[in-house]
Amino acid sequence: MTWLRKLTAVLVIAQILYLLVINIALQLPITQTLINKIRPDKFHVSWESAWSWYPFRVHATGISANGQSRSQQWQLDTPAAAASIAVTPLLLKRVWVRDVIAADVAYRQRPRLKADKDYTDIIEFFPSIEGREVTEAVTTPWQKKRPWHIEVKNIKAGGSHSFWVYQARGSMDGELNADLTYITRGGPFSLTGHELNLSLNPLYLNGQTEVFQHGTITGRIDFAPFIPRENKGLPLLKYLSLDTEVDIETNSLAFVSLFTRAFEDISVNGQGRVQGTLRYHQGQVLRGTDLAVDASDLRLRMYAHRIEGNGKIILRLLSETGDQLDLAFQYRDLAVTHRDDTEVLLRGQDLTVSIGGDGRVPGDPGEVNKSRSIAFAVDGLELPDLARLQHYLPPKWPITLYGGSGRLGGTATLKPTTLQVALSLESERADLGLERYRFDTDLDVALKLDNPELAVRGTSAIGSHIKLTGARLRRADGDSAESEPWDAALMIDDGEFTVLRAQDKAAGDKAADLLQTLGRTPYRALLGKTSAALGFHGNISSLAWLGVLMGDAYHIGVRGRGAFDGTVNLADGWPAKGTRLALSSNGMAVTVLDYVSTGDGRVNLMAEQGGRNPDWAVDIALTHADLKRSYESKAAIEDVNLNLAARVEDFSFGQEAKPFTLQLDLASADVEDMSVFNDYLPPDGSLRFTRGTASLSADIALQQDDADGWVKLESSALNALVGGQSVSGDLTADILLVDGVPRDMVFDISGSELRLANVRVVGKQAQFDEAYWSSTIKLPRAETVLTKPPRLDIEAELSMSDSRPIVALFDNQGWRPKFLSNMLTVEDIDGTASLRLANDQLKIFQAAVVSDNIEAAVKGTLGRDSRDAMVYLRYKKADGLIKLRDGGWNLDILKVREKFDAYRVAP
């Protein structure tokens, strides 16, 4: 056994020599100096003391190492550590380290400065690195050198650890066990965690901001091999794996935003306690994740809104969630604010926002991922001021929300290609505006939307409604009093709408999905390009809005209540051709100029041209109606069949309606009492209608400064008083309208004609009843103003078959002797007249009738309280002049013609 003893002796001597050499070397300062001369720009290491009890394993105390790469600087300190290292592989630039035991590790890291980045506000919060100045990052191309391969197995670190990375500084107590590998010169890095059991102390950002207070984390953390310089920030999550239990009191919930990265414009922050299980593997949340946050401050920013309050965050991916990620924000007390506003939009006690997906983290918002979803559940949130909702209405729409409060409730579920919404808004005394009109009302709105295939079909709005109760309309400028309260309700019962263009739908799954669209496009912009074809029905208790549509040109007004249905077509957010409304009313009153007709009404509206200022075809029909002047208490015209038609071009609620033609078609009407026309006769005149019926029809086109058409009246049973004498007969009036100013009730009726036939005069002294007798009055020039009292300025031509009816009237008035009646009885009478009626005063500038042997002429002024006139009479060569003044008269037979011709009526 000599050889065994010799071998043992050699090994003992070698061990003694190793202990002497290695331990002396570890104690000599020159050893550290030589090591640090290898690559002083890359690393520096120092220790207070070090020793080795057997080959290739070293123990040390007071260890400090620092170094820098092309972009980072770092420092690692620990009071004691031990590790085993393989020496031979070092010749091949391979570092194999095993069984590392360290205690109380302190790690620091800061970036080297990049020329294209401004560090002014944060550089003071970076850690100091011993012996190294802050330098610029190296951006020159890599040199071709063989890299070092570093492999460290079974790292165990226990005790109290600290870190300072960039601006974040914190510490923790506990143990961790891991392996790591790294290839220098930009090669991959990996970390395999075997055990993690840490108690976390406060983490600070920028020296003062506390990110979290305390907590615990147990489990494991792994990093699959990755290239550090190519995977910084979020890309690093593709290599991370977690299986941890956490319990952390944190002042920043920003980490929750990692789970909303698949959505545009959604982020989370706040503070609270995080508890539960988080399982994650290289970009995918795994089944078993069940994390809860009890948040005293919960801030969710999504789609242009800030939701702030307190509540819970629940993050789960379990079999109960269908192996889908469910991230729910359950608010107990909250306030919602639009990002462009400082005032609260919504506030209340109950709101749940649920965000779902397939668990890929971080997701790509630019990818069409049909598993993503957002759901809202609202239970009676308060709307302090409806004016805040103006953010959602396109500026081009004429609607203005001035104020009022309300409550919002319901649910909504949004997915990339599907949509379901059931929301309700109720408000008492909402203050709304429609351009220059304004009204306050109790408001009830229900929005029900459904679309299972957004990319290929429109969205149904069936079941949506809007109801107004107790609405009062007024001019926004305060020029008019409030209307009487009215109610209205509109329900959607057919059709679809879309905000996607035709080319988007044609693209199918390649089209931008709903969640992307909401994140990138303001709501008002979306609504502003809506296309729709929606069927609706409803009812309304006041039809005054029709008068608003028609404007003030013809003093059109509509009263009554009615039921309606129709279709609204939208193109690019504007009314489009084909939009229509059909309304019926059993008690509709229509005012035109100063005439009012009341009966069974129908209204048809049709958009003949769409756009910002559409063209509307308006048709209003009345049947079984009556007709009267607006100041009359009772109508004497019955069985009216009336139609109003117009084309209102370039309509805008904000401007007066442009001039348009109003077509008035009075198909038929019955005049029950002809005395209604006494208002058109001279006041206190000798002619008054007492009774009689007539048929009335008209076809009139009214324009702003013109009128054209006709009115026809036919009466076969007319009774009148002429100078107190009863007269009956048949009257036909053909009234032509050739010009006028309808707004002012001014009409040119030149060319009109009145025909009288079948006149009967019944009296004590004389009678007349001849069927063939007739008289015609033509108006070559005539202008009337149909106000009260009316005004009339005419030139007339009279033709009469004979004078017998007039003679009978004279006889019944006591005119004698008989020979005079015989003298006045003539045939083929013609006459002319020029007269003016105004201000209850009739001025006869010239009126004369002429036959073979007789002539009669009148001039003068006849008023309600006075009269001043002359009547000239001639039979063959004998003539006379009757002078009328106030209540008396006298007869003049001297130079009567000269006196009559000289007499002038003041204009």
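Trainee: Is R580 buried or exposed, or does R580 lie in between?

Mentor: Buried means under 20% relative accessible area, exposed over 50%, and partly exposed in between, with a 1.4 Å probe and protein chains only. R580 is partly exposed, because its relative accessible area is 32%. This is a predicted model, in which local features need pLDDT of at least 70 and side-chain atom pairs count only at pLDDT 80 or more, while totals for chains, interfaces and linings use all residues. Residues are numbered from 1 along each chain as its sequence is written, and side-chain values use heavy atoms, with hydrogens and water left out.

Trainee: With which residue does R580 meet in a salt bridge?

Mentor: A salt bridge is a side-chain nitrogen of Lys or Arg within 4 Å of a carboxyl oxygen of Asp or Glu. The partner of R580 is D565, at 3.6 Å from N to O. Strands (E, at least two residues) and helices (H or I, at least four) are DSSP runs, numbered from the N terminus. R580 belongs to strand β31 (residues 580-592) and D565 to strand β29 (residues 562-571), so the pair ties together parts that are 15 residues apart in sequence. D565 also counts as partly exposed, at 36% relative accessibility.

Trainee: How many salt bridges does a search of the whole structure find?

Mentor: The search finds 32. One of them joins D294 to R332, with the closest N and O atoms 3.5 Å apart. That pair links distant parts of the chain, 38 residues apart: D294 is in strand β15 (residues 289-302) and R332 in strand β17 (residues 325-338). D294 is partly exposed at 42% relative accessibility, and R332 is partly exposed at 39%. Another salt bridge, between D358 and R360, has its closest N and O atoms 2.7 Å apart. Salt bridges can also form a network, as they do among E608, D615, R647 and E649.

Trainee: How is strand pairing read, and how many bridges join β21 to β22?

Mentor: Two strands pair if DSSP finds at least two bridges between them. Strands β21 (residues 399-414) and β22 (residues 419-434) run antiparallel and are joined by 14 bridges. A hairpin of four residues connects β21 to β22, and L414 has L419 as its bridge partner in β22. Strand β21 is also joined to β20 (residues 373-383), again antiparallel, by eight bridges. There, F376 has A412 as its bridge partner in β21.

Trainee: Which residues touch the most other members of the largest nonpolar core?

Mentor: A nonpolar core is a set of buried Ala, Val, Leu, Ile, Met, Phe, Trp, Tyr and Cys residues joined through side-chain atoms within 4.5 Å. The largest has 157 residues, and F329 and L662 touch the most other members. Apart from that core lies another of ten residues, among them W47, A60, A65 and A102.

Trainee: What should be noted about the backbone at P362?

Mentor: A cis peptide bond joins V361 and P362, with omega about 0°. P362 is placed in the loop between β19 (351-357) and β20. Phi deserves attention too: D104 has a positive value near 50° in a residue other than glycine, and D104 lies in the loop between β5 (94-103) and β6 (106-111). For D572, phi is near 55°, also positive, and D572 is in the loop between β29 and β30 (574-575).
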